[in-house]
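The following explanation leads the reader through a single protein chain, from its overall contacts to individual side chains.

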Amino acid sequence: MSDIPGFAYADLWGERMIRSVANLTRQDGLDFLQLAPTIPVHTSTTAFALEQANEALACLRAGALRGAAVLVM
């Protein structure tokens with residue numbers, strides 16, 4: 001029998017989500033940026049220092065944030 005490969009279980013603990021937008025092309029991004037000023041696109045973010053990552057997760061779990069949490073390195 002072969003060894004079971006390692007896995008980053010810490011990424012799953014606490015039901016965290018890792019999301020990617022790799023399915024978009026560079027042209028998709030350029031097209032969107034040209035379109036964005038013509039429609040009411042409003043973003044809302046709350047910045048957290050990297051050291052506050054656990055606080056950011058707690059706020060997300062509690063529904064205390066509007067928009068996205070951003071970790072600043």
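**Contacts and overall fold**

Among the contacts (heavy atoms within 4.5 Å) in the protein chain with a separation of 6 or more, 22% are between residues 24 or more positions apart. The model is predicted: local features need pLDDT of at least 70, side-chain atom pairs count only at pLDDT 80 or more, and totals for chains, interfaces and linings use all residues. Residues are numbered from 1 along each chain as its sequence is written, and side-chain values use heavy atoms, with hydrogens and water left out.

Two helices and two strands make up the secondary structure of the protein chain, arranged along the sequence as α-β-α-β. Helices (H or I, at least four residues) and strands (E, at least two) are DSSP runs, numbered from the N terminus.

The protein chain has an accessible surface of about 6,900 Å², and carbon and sulfur atoms contribute 61% of this area; such areas come from the Shrake-Rupley method with a 1.4 Å probe, and for residues only the protein chains shown count as cover. Of its 73 residues, 5% count as buried, that is, under 20% relative accessible area.

Helix H1 spans residues 26-35 and contains Leu33. Leu33 counts as exposed because its relative accessibility is 59%, where exposed means over 50% and partly exposed lies in between.

Helix H2, residues 53-62, holds Cys59. Beyond its neighbours within four places in sequence, Cys59 is in contact with Phe48, Ala64 and Leu65. Cys59 and Ala69, ten residues apart in sequence, lie 8.7 Å apart from C-alpha to C-alpha.

Notes. Buried < 20%, exposed > 50% of the residue type's maximum accessible area, 1.4 Å probe, protein only.
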